[in-house]
Amino acid sequence: MPLYKTITINPQTTVYIWKIEEDIATLSRNIKLTDHCQQRVDGMKSELHQRGFMSVRHLLAEAGYTDFDLYYDAQGKPHLKDGKCISITHSFTFSGIIVSDQEVGIDIEMQRDKIMRIAHKFTPLEEYRTLANTEAIIRKLTIVWGAKESLYKLYAQEGLSFLKHIDVHDFYFDDAKTTASVTYEAVTSTYAIYFLEFEGFTCVYGF
């Protein structure tokens, strides 16, 4: 089973990443789903989405949980019944979860040039004009998007805007970390952001 990477951030917080190589039959073996989640999987038209969904259940098992330990609130945010916090992501051939005692968010994205076409929707583009080449711009935009997506999941507030409410502070690639702030309804909160890149993908998590 391809558990790709485990990152222990601190004694209370762990990231688990899965490389999705199995077919849906293999991923479904020995995994029991709630009736609701089984209906969700059965209703997915894309096998890629099914495989992503089922790989997350294997990551839950790695963290000591099953699908029956997981529930979603009215905003669609996942929670664990033991009170621990969890965030979930999957993108093409990778999936990930982060489990912690505190609120957390995680995102995995494939590095693609299409991000340059939508960048104006989530970040001021002038901040990236000093970068050396297109590849560097795509990498940085993907990290920024992942950071904002992670905090959007963590915050789980309807009306939160990537562009207006979430600010990712500048960083160098070699740092593998930065900070970001969310300002919403006159309250500002600051979060630690960490990122890593592998096989053309970017994983970002924040807490």
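A charge sits over a ring if NZ of Lys or CZ of Arg is within 6 Å of the ring centre and within 35 degrees of the ring normal. Select Lys140 and Phe171: the charged end of Lys140 lies over the Phe171 ring, 4.9 Å from its centre. Next select Arg57, which is over the face of Phe53 at 3.7 Å from the ring centre.

This is a predicted model, in which local features need pLDDT of at least 70, side-chain atom pairs count only at pLDDT 80 or more, and totals for chains, interfaces and linings use all residues. Residues are numbered from 1 along each chain as its sequence is written, and side-chain values use heavy atoms, leaving out hydrogens and water.

Now turn to the nonpolar cores (sets of buried Ala, Val, Leu, Ile, Met, Phe, Trp, Tyr and Cys residues joined through side-chain atoms within 4.5 Å; buried means under 20% relative accessible area, exposed over 50%, partly exposed in between, with a 1.4 Å probe and protein chains only). Select Phe122, Leu151 and Val182, the residues with the most contacts inside the largest core, which has 24 residues. Then show α5 (134-155), which gives the most to this core, with nine residues; helices (H or I, at least four residues) and strands (E, at least two) are DSSP runs, numbered from the N terminus.

Stay on Leu151 and look for its contacts (heavy atoms within 4.5 Å). Leaving aside residues up to four places away in sequence, Leu151 touches residues including Leu160, Ile166 and Tyr191. Finally, select Ile20, Leu27, Leu60 and Leu80, which belong to a second, separate core of 20 residues.
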